[in-house]
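Reader: Hi! I'm new to protein structures. Could you take me through a close look at one single part of this one?

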Amino acid sequence: MRKNRKQKNTPLKNFILQANPKASYLSYKSEIEFAIKKVLESGNYILGEEVRSFEEEFASYVGVRYGIGVASGTDAIEICLRGFGIGQGYLVFTVSHTAVATVAAIERAGATPVLVDIDPKTYTMDPNSLEEAINYYKKDSKFGKLGAVIPVHLYGHPAEMDDIIYIAKKNGLLVIEDCAQAHGAEYKGKKVGSFGDASAFSFYPTKNLGAFGDGGMILCNDLKLAEKIRALREYGWEERYISSFSGQNSRLDEIQAAILRVKLKGLDKDNSIRKRIAKLYREKLEMLPIDLPSEKDYVKHVYHLYVIGVDGRDSLKDYLKENGILTSIHYPLPVHLQPAYKGRVLISPDGLSETERIYKRILSLPMYPQLEDDEIETVCYYIKKWCEEGGR
């Protein structure tokens, strides 16, 4: 086991990292460098063959017809909403326990976010809270028109799509899946991103399928929607240099697309390693007074993050850091309690009790495919030792 080392004397290179995109690069190093060299020598750096091929390959992988590469996952949600014409005067329902990007994208599109509560086991959207919120806000037109639901497949676990889609369609709302943390995850035998009217992905470096810069994609099965989104990502051009409508600059570049094409081939393998790591964590931690991740028997969890719940979370986080183990918190404040949103964002009328219960307890342990067994053993050893000492 690693010795108890004080933080000030521990160089970062000796830490067990919570996420490690450099390790991902090294595991695909020769293929990635060849792909980058090919792009550089091609002389074509924006919306070329690599982007077109990756759009087709990733759409096929998920099981939909069209993919449109954009500059980030945040842009993917915003442009998707704009493609559907959901902007000012519309309500978009999502969760408060998510990356702020989800809500920021809704507001960038001009729509009004309504935040609902989460399932206490999976931390994904609670369909009952969603239905309560829809029923409440549709009563009075002063709030806005019903627009869309954005369920977030959080930490790699799919949201409860059957119930969410049923509730949304019953009330005339579109469903846009936020799949930023769930590349390759499945719900009842189908990959997430193939259930809604459209879906949004991020390729941020720490994602299960991560680039080495920003990147995102929108997936859909509707040709007209795909064509509009392609125009929206590039100034509203349906014809080069002629803007048919107001658009923006949000393009996935050729180098990132080339990298993602390489890594897509290994995504299922990498996800299987994540599941193995999660199994090891469970075996070593299940007897401790800690909440471990839940996985429903009809889903395929891809463990973008391995998130535990524990009383005294901050104490454990500090203790692990003192012993050379970095963790993170996803997320330290739910969106409705963030300074930028507190007191002004709409929430479910039945409150966000589960969201507010868990955010002080959650801790993301090291999780990435290149994590070694002895590193997992070290993490678990110090968690057990902290528990045995009664926390502090």
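Author: Let's start with Tyr306, which touches Ala278, Tyr281, Arg282, Leu292, Pro293, Leu363, Ser364, Leu365 and Met367, leaving aside residues up to four places away in sequence; contact here means heavy atoms within 4.5 Å. This is a predicted model, where local features need pLDDT of at least 70 and side-chain atom pairs count only at pLDDT 80 or more, while totals for chains, interfaces and linings use all residues. Residues are numbered from 1 along each chain as its sequence is written, and side-chain values use heavy atoms, with hydrogens and water left out.

Tyr306 also belongs to the largest nonpolar core, which has 62 residues; Phe93, Tyr281, Tyr306, Ile308, Leu365 and Ile383 touch the most other members. Such a core is a set of buried Ala, Val, Leu, Ile, Met, Phe, Trp, Tyr and Cys residues joined through side-chain atoms within 4.5 Å, and buried means under 20% relative accessible area (1.4 Å probe, protein chains only). Helix H13, residues 373-388, gives this core its largest share, seven residues. A second, separate core has 25 residues, among them Val70, Ala198, Ile218 and Leu232.

Now step back to the whole chain. It has 13 helices and 15 strands, which are DSSP runs numbered from the N terminus (helices H or I, at least four residues; strands E, at least two). Of its 392 residues, 56% count as buried. Among contacts between residues at least 6 apart in sequence, 72% join residues at least 24 apart. Along its principal axes, the C-alpha trace spans about 65 × 60 × 40 Å.

Terms used. Buried means under 20% relative accessible area, exposed over 50%, partly exposed in between (1.4 Å probe, protein chains only).
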